[in-house]
Amino acid sequence: MDVNRIRGDFPILSRIEHGRPIVYLDSAATSQKPTAVLQAEEQYYAHSNANVHRGVYALSVEATDAYEAARARVARFLNAGDPSEVVFLRGTTEAINLLATSLGRSTLRKGDRVVTTVMEHHSNVVPWHMLRQYSGIELSFVGIDDGGRLRLDELDRLLADRRTKVVTLTHVSNVLGTVNPVREVADRAHAAGALVIVDAAQSVPHRRVDVRALGADFVAFSGHKMLGPMGIGVLWGKADFLEALPPCMGGGEMIREVHTDRVSYANAPAKFEAGTPNVGGAVALGAAIEYLERIGWDELHAHDTRLLRRLLTGVADRFGPSVRVYGPTELSEREAVVSFSLAGVHPHDIASLLDADGICVRAGQHCAQPLMDRLGVPALTRASPYVYNTDTEIDALLDGMAKILQLFSTDPPPRATAG
Ligand SMILES: Cc1ncc(COP(=O)(O)O)c(C=O)c1O
């Protein structure tokens, strides 16, 4: 994989920030976009734009074909049984809200249990809290061990009384980088009669996610973290489960018949796509998947892992206990999402000081307050490299961390030798 050639595909990376070339290390928040993706969206609006599924004229048919081709592209990427298993939505957040609302209306009753984990993004916690508040379900959390791995023994305890109807978990933690053993969790949950939902927002950018191999019933992700545009994402669901689920939002495009005294709904996926969809976004997401597939998932993963190793080894070698990295230490158990703390320095100060060197990292709670509580920290700083980052950029981050540690150090600065 030629990272310098790849960087040439990302116009934003030539930006100068505070007098230096930008070092973008916040891809877990959102990735940058290659020209192929920008052009796919522009081409769609410049040449093929019309509303979909409505017109009989050629342009509308072309727009519909482009939208449905993007759906088929996503279905192939996920190894879905059929394109109709792919629902286009705004992103992971909307997908999980849809599931919580629709399952709340159809399946979950007061006293049923939904199990999630303490390492979830708020988008896989708050919709279930809302269901707890409004419908009286019980919401339980599987904990983690000190290495940032899920406590499967706690999951087993929660599955034992068969009150658990849904197990919903992230594939990869947006804070710890932990890759969860989703297949194992899914097998145990299914054996106990529960549905399994996977938040794949942080896994699809880094690895090919085969929904059948994963063993889940529903998988949600966002396009913008995998080189696609903002405002487009996917809910994949097994065909019979999507068919059984009632729609969440009502409006145009999602109905079979509407009369003053009755309404009936279209089949999936249309049933879940009320209103005018983000066609340009779907087309551009298809282009993003094609771009990643041209690089190759194995190549991409090897690149991400090399950057991850360089960062973790650099931190351990240069800083020892002054820098604490959270999450698993084994590379095979994690992705390139690295949250850390520097002794005695607030995460926001770290991010601001790195920004002065043109280095973009994220500081805060990362929409994961239950995890911050579990770790006993108010906030963390996170660096998340991706396909376009280089070894030199990882070294720039390490140098930036060294400078900050020196700045906050109580030791006197090294004396210049008299000359
Ligand atoms: C693990 C995880 N889940 C869900 C989300 C929410 O994604 P979106 O804001 O695109 O809906 C994020 C975003 O950071 C995430 O990291």
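Which helix gives the largest share of the lining of the largest pocket? The answer is helix α4, residues 92–106, with four residues in that lining. Welcome to a quick tour of this predicted model, in which the ligand sits in the largest pocket.

**The ligand and its shell**
- Around the ligand you will find Thr92, Thr93, His121, Ser123, Thr170, Asn174, Asp199, Ala201, Gln202, Ser222, His224 and Lys225.
- Sorted by class, that shell holds nine polar residues, two charged ones and one nonpolar one.

- Threonine 93 places a polar side-chain atom 2.5 Å from an oxygen atom of the ligand.
- Lysine 225 also takes part through its side chain, with a polar atom 2.6 Å from an oxygen atom of the ligand.
- For threonine 92 the backbone is involved: one of its polar backbone atoms is 3.5 Å from a ligand oxygen atom.
- On its own the ligand would expose 400 Å², and the protein buries 84% of that area.

**The largest pocket**
- This pocket, where the ligand sits, has a volume of about 340 Å³.
- Its lining is made up of 21 residues, and those nearest the centre are Thr92, Thr93, Ser222, His224 and Lys225.
- These five residues nearest the pocket centre are also found in the list of residues around the ligand.
- By class, the lining of the largest pocket comprises 13 polar, four nonpolar and four charged residues.

**The second largest pocket**
- If you look for the second largest pocket, expect about 190 Å³ of space.
- A total of 15 residues line the second largest pocket, and Phe88, Leu89, Glu94, Ala274 and Pro277 lie nearest its centre.
- The lining of the second largest pocket divides into eight nonpolar, four polar and three charged residues.

**Backbone details to look up**
- Alanine 268 and proline 269 are joined by a cis peptide bond, with omega at about 5°.
- To find proline 269, go to the loop between β12 (263–265) and α10 (279–295).
- Asparagine 79 has a positive phi, near 60°, although the residue is not a glycine.

Technical notes
Residues numbered from 1 in each chain as written. Predicted model: local features only at pLDDT ≥ 70, side-chain atom pairs only at ≥ 80, totals over all residues. Heavy atoms only, no water. Near = heavy atom within 4 Å. Polar contact = N/O pair within 3.5 Å; in protein donor to acceptor, adjacent residues only side chain to side chain. Areas by Shrake-Rupley, 256 points an atom, 1.4 Å probe, with all protein chains shown as cover. 1 Å grid on protein atoms, 1.4 Å probe; cavity = no way out; pocket = protein on both sides within 12 Å on 5 of 7 lines; lining within 4 Å. Sits in = over half its atoms within 2 Å of the grid points. Nonpolar A, V, L, I, M, F, W, Y, C, P; charged D, E, K, R; others polar. Points joined across faces, edges and corners; volume = space filled by probe spheres on them. Helix = DSSP H or I, 4+ residues; strand = E, 2+ residues; numbered from the N terminus.
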